[in-house]
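I opened the coordinates and kept notes as I went. The entries follow in the order I looked things up.

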Amino acid sequence: MTEPSFKNSVLEGIPEGFFDIDESDQEDVNNASDSNDDETIKSESDIEDDPSLDNEERSGDVENTKKRPYDGGMEPVSKKKNKKNKQLDPKLYKPPTVKELNQLRETENLFNSNLFRLQLSDQGWLQSMNVKMPMKQQPFGGKGSFQFIKPSAVSIIGSFASKCCVGPDVCVDLAVEIPQQCFQQSDHLNERYLRKRALYLCHLAGTLHSCHLVQSASFRLCQGDPSRPVLEVRPAGKLGKRVVVALRPVPQSGVFKLARFSPEKNNVRPSWFFTTSDAIEEPYPPTPHHNHSTIQDLVSTANQEYCRLALEGHSNIKDGIRLLKVWLTQRKLNKGYGSFGGHIVAQLVSHLVIQKRISVLGSSYQVVRATWVYLAQSDWTNFGVSLAEPSRGTPPVSEFHQHFEVVLVDSTGYCNLCANMSKETYERNSSYEYETLIKHSKVRAHFQNSSYEYETLIKHSKVKPVDFEYGTGEEATLAVLSVFNELSKQVRELNDLPLEIISVQGTSPVFRYTDTFPPLAAQSRPGKKVTKDGPTCILLNDTSAIGMAPRWVPAIEAVIQLALSKKWPNDLEAVRRIKAAFHIEVAKCLSQQCGLTAQPYPNFVDVLKSGFVFRLRLAYPREVGLLKKHVTPHGVTTYVDTDESRDLEKDIVHIPTITGAVHGLHQEHPSYGPACCLSKRWLAAQMIDPHHFPEIVVELLVAWLYLCPEPHEPPTQPQTAFFRFLHLLASTNWVTQPVILNFNTELTREEVVEIESMFQSSRSTLPPLFLATSYQPSGVVWTKRNPTLQVLIRTAMLAKESLTIVEEKLFSRHFDTKVIFRPPLDVYDVLIYLRPLLNPRRLEAVDVNKDQPLVNLPPYQYQQGEKLPVVGFNPVQYYLQELRETYGEFALFFHDPYGGEVVGVSLDTCSLGGIGLQGECTDDLLVGKGPKIEPNIDTIVENFYILGTGLVRSVETNNSKLDAK
């Protein structure tokens with residue numbers, strides 16, 4: 001006899017030994033004789049003629065009666081042999097009884113146990129244990145015996161195991177596995193299994209009643225089925241106020257064959273059930289409901305695994321199941337016999353997920369709605385559904401329809417989950433579905449439109465790829481990653497290079513699934529007015545004559561890591577020349593060995609592959625040290641961080657490292673990437689571009705919501721994460737709150753405490769936003785220059801306003817989600833309006849011109865001699881760069897990089913006055929003399945216009961704002 005394998009994680013808070021069975025009660029068991037209830041089988045022909053056995057039993061389950069003892073051991077018995085043996089001495093060759101055969105087979109188990117076998121009809125021990133039989137036994141009595149042996153296993157099943165349970169009480173379902181030794185060969189007949197199951201529960205109840213860990217133990221019917229009781233146990237103490245444990249006996253695997261319980265099978269013999277002497281001749285009528293009551297225990301483990309495979313890692317789907325259960329509970333549709341129970345909901349949703357009728361990326365509401373729609377459009381009374389894989393040799397759905405009014409066959413193909421449900425109950429449920437769909441049509445329409453509009457904000461509204469559905473950009477991202485993997489392999493396998501290339505690591509946001517608008521593959525063709533042909537690249541025409549910017553083609557950046565070598569020089573300029581030469585060699589090898597178009601530059605090499613442009617940079621880590629190297633006038637060598645050294649280290653060391661970590665985070669939480677895209681799109685729409693709030697900082701703040709989601713669970717949908725991001729910006733005091741991202745839990749608790757202590761002790765010297773990671777614990781790598789305190793304050797104000805609008809308008813019939821993506825322009829001193837045609841990203845704007853025709857992007861097709869397109873040419877960004885370099889000391893410039901047509905300027909008049917006092921730039925930028933010196937706004941505005949000649953359409957000033965300053 002073996003101890004049950006209780007798991008430590010069965011239920012947190014339940015003391016060890018809670019479910020151990022005390023064998024001391026077995027002393028009160030009455031060991032009554034069972035010789036009167038077993039029949040003697042005189043010969044094999046008697047077995048074949050016995051009407052209580054079906055064909056399968058005759059051929060299989062009585063194989064141990066086909067041998068009998070003789071002097072040499074066990075002698076096989078055949079029909080001919082039996083006929084000859086009729087002349088032998090019956091005292092020597094008397095056939096063994098069924099009882100003797102079973103006892104021979106189980107002798108070892110019985111002798112190793114101090115438990116005694118009782119007849120099923122001998123239930124006097126129930127009274128001694130003060131337990132009542134929880135099921136009716138009509139007719140009472142019958143063949144078979146019962147013995148209690150400790151469970152062979154105990155496991156958690158049901159909604160608690162799949163994390164789909166709902167309150168107010170937490171119900172933990174435990175599958176208590178009844179050992180095979182407790183069963184006999186015909187226990188599938190005549191309620192013998194069901195009665196043994198109930199008696200097994202009775203013994204558990206009697207034992208647990210006297211356990212000090214138990215507050216109460218009582219029986220209840222499973223879904224109102226009188227033949228399937230369960231034992232509900234409430235733990236003692238505070239735990240019992242909110243937790244109930246349901247013990248559900250199940251037979252050990254392999255005890256019964258599922259095929260025995262097909263709807264067409266008979267497992268209740270008329271001669272046993274009816275007391276009249278009139279015998280019903282074969283074939284016996286089917287007993288589908290008796291079969292169903294038994295098979296539910298046999299398939300519980302398989303169905304639990306079916307749900308696990310479908311739901312594992314998708315907490316949004318589990319949230320949807322919880323919502324459906326709450327919906328059923330509110331309408332009392334999941335109570336009583338034949339009800340629409342939670343187990344049916346879980347199995348159905350799992351089926352819809354596997355069939356891809358429910359997206360694993362959808363919200364919990366979308367799960368609920370998809371299930372409602374499916375149920376409203378289904379008819380299980382005439383067209384049942386099977387969750388089993390086809391061609392498994394299971395009974396057809398039509399066979400179930402012959403015996404049940406409603407059919408939903410489980411994943412094994414043998415159990416109808418709706419066997420006890422009446423047609424009226426099903427139709428009542430369906431009517432509720434229609435009613436709910438109609439009643440909540442306004443809310444549903446809002447959520448549909450809301451989700452769709454949020455999706456359109458990170459989608460090319462006027463560019464449609466022909467060969468795939470763009471969605472939130474994940475398909476486009478996967479296309480980039482697929483091509484990059486091929487290119488990376490080609491680069492690593494290049495021959496004739498001075499040093500071996502050991503890795504190629506992507507660094508662009510697309511490798512982190514966080515590119516708001518991932519690149520799309522397209523053919524590169526020279527235009528007539530804007531571009532012209534070059535040797536390997538398409539070139540711009542005379543820029544002064546350009547009236548439209550060429551198609552936006554971003555460079556997808558990656559770094560090349562080389563094998564170690566001691567031959568690198570220690571001179572910075574020499575290192576840069578070697579890098580340039582290496583870029584030339586890489587471009588040459590890619591062209592000759594791989595047939596790719598490549599163009600080398602001093603700092604990188606551009607490669608065209610499958611319609612994408614990849615920009616490869618050689619990473620030499622020691623170059624960072626050479627940039628920090630400084631020799632004093634006294635000849636002393638020191639190493640000092642510079643802006644150039646920080647930027648290079650960030651590009652070739654930190655970003656590749658963090659890209660791998662963030663990539664893994666997205667694999668674990670698929671909503672992370674779209675959530676980052678939404679968050680970056682919102683910041684850009686507020687005209688806070690990456691110059692003020694770097695993209696990588698946004699991505700790490702959103703990652704913080706997933707790594708440290710308390711008191712919530714990690715977000716399962718992008719909209720939820722986006723709203724939490726807004727709340728984070730609006731409510732966080734960055735002066736006292738450090739951001740520490742412990743990727744892969746690589747930081748120990750002591751290291752985290754050390755970072756927090758350093759933050760508090762050195763707060764005055766640290767940037768406004770302190771952001772440390774497992775790989776950059778200093779907290780200054782990403783935010784040393786930006787965002788500034790002024791930008792953080794403005795961002796908090798905008799986030800708070802956006803949240804207010806969402807809360808007020810969320811359930812409004814005409815709520816336009818784009819409202820929070822439209823920036824207020826009256827806060828700027830000067831507005832610079834740009835010509836749309838010179839903005840290559842104009843089609844990414846929040847409000848694209850409706851008259852703009854839709855561009856159908858055909859699939860990429862390779863062409864011999866194809867040339868690199870114009871890469872990264874954006875006149876607007878060049879203009880902003882010049883404005884910031886020229887006027888950055890006394891003005892801040894804000895712009896939406898995703899197609900924005902206006903640049904907002906916030907002037908710092910105090911800085912302008914300071915310039916005047918220092919005697920710099922006074923002729924153009926200031927007017928007046930002495931203490932009356934004021935900014936010359938007209939001159940400044942004119943300079944803005946002149947600097948953007950051809951690009952700038954007009955410049956406007958906000959006089960009320962300037963007067964206030």
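**Aromatic rings**

I began with a cluster: Phe-183, Tyr-193, Phe-256 and Phe-261 group together as one aromatic cluster. The model is a predicted one, and I read every value below as computed from it.

Next I counted aromatic pairs. The total is 26. I looked up Trp-327 and Trp-372, which form a tilted pair, with 5.6 Å between centres and 55 degrees between planes. What does this pair tie together? Trp-327 sits in helix H11 (residues 315–330) and Trp-372 in helix H13 (residues 364–377), so the contact links parts 45 residues apart in sequence. I checked burial too: both Trp-327 and Trp-372 are buried.

A second pair went into the notebook. Phe-759 and Phe-770 are also tilted, at 5.1 Å centre to centre and 50 degrees between the planes. Phe-759 belongs to helix H24 (residues 749–761), while Phe-770 is in the loop between H24 and strand E23 (771–773), so this pair joins parts 11 residues apart in sequence.

I then looked for a charge over a ring. Arg-615 lies over the face of Phe-604, 4.0 Å from the ring centre.

**The five-stranded sheet**

Which order do the strands take? I read E13-E16-E19-E18-E17, an open sheet of five strands with mixed pairing. Strand E13 (501–506) and strand E17 (597–600) are the edges, each pairing on one side only. From one strand to the next, the twist averages 25 degrees.

I followed E17 to its partner. E17 and strand E18 (residues 605–609) run antiparallel and are joined by four bridges. Thr-597 has Leu-608 in E18 as its bridge partner.

Two helices lie across this sheet. Helix H18 (residues 572–594) lies across E13, strand E16 (556–562), E17, E18 and strand E19 (612–619), at about 140 degrees to E19. Helix H20 (residues 643–668) lies across E13, E16 and E19, at about 110 degrees to E16.

**Cysteines**

How many disulfides are there? I searched the whole structure and found zero. Cys-211 has a relative accessible area of 19%, so I noted it as buried; the cut-off is under 20%. Cys-537, at 11% relative accessibility, is buried too.

Key. Residues are numbered from 1 along each chain as its sequence is written. This is a predicted model: local features need pLDDT of at least 70, side-chain atom pairs count only at pLDDT 80 or more; totals for chains, interfaces and linings use all residues. Side-chain values use heavy atoms; hydrogens and water are left out. Two strands pair if DSSP finds at least two bridges between them. Axes are lines fitted to C-alpha atoms, for helices over the stretch in contact, and angles run from 0 to 180 degrees between N-to-C directions. Contact means heavy atoms within 4.5 Å. A disulfide is a pair of cysteine sulfur atoms within 2.5 Å. Buried means under 20% relative accessible area, exposed over 50%, partly exposed in between (1.4 Å probe, protein chains only). Rings of Phe, Tyr and Trp (its six-membered ring) pair if their centres lie within 6.5 Å; planes under 30 degrees apart count as stacked, over 60 as edge-to-face and the rest as tilted. A charge sits over a ring if NZ of Lys or CZ of Arg is within 6 Å of the ring centre and within 35 degrees of the ring normal.
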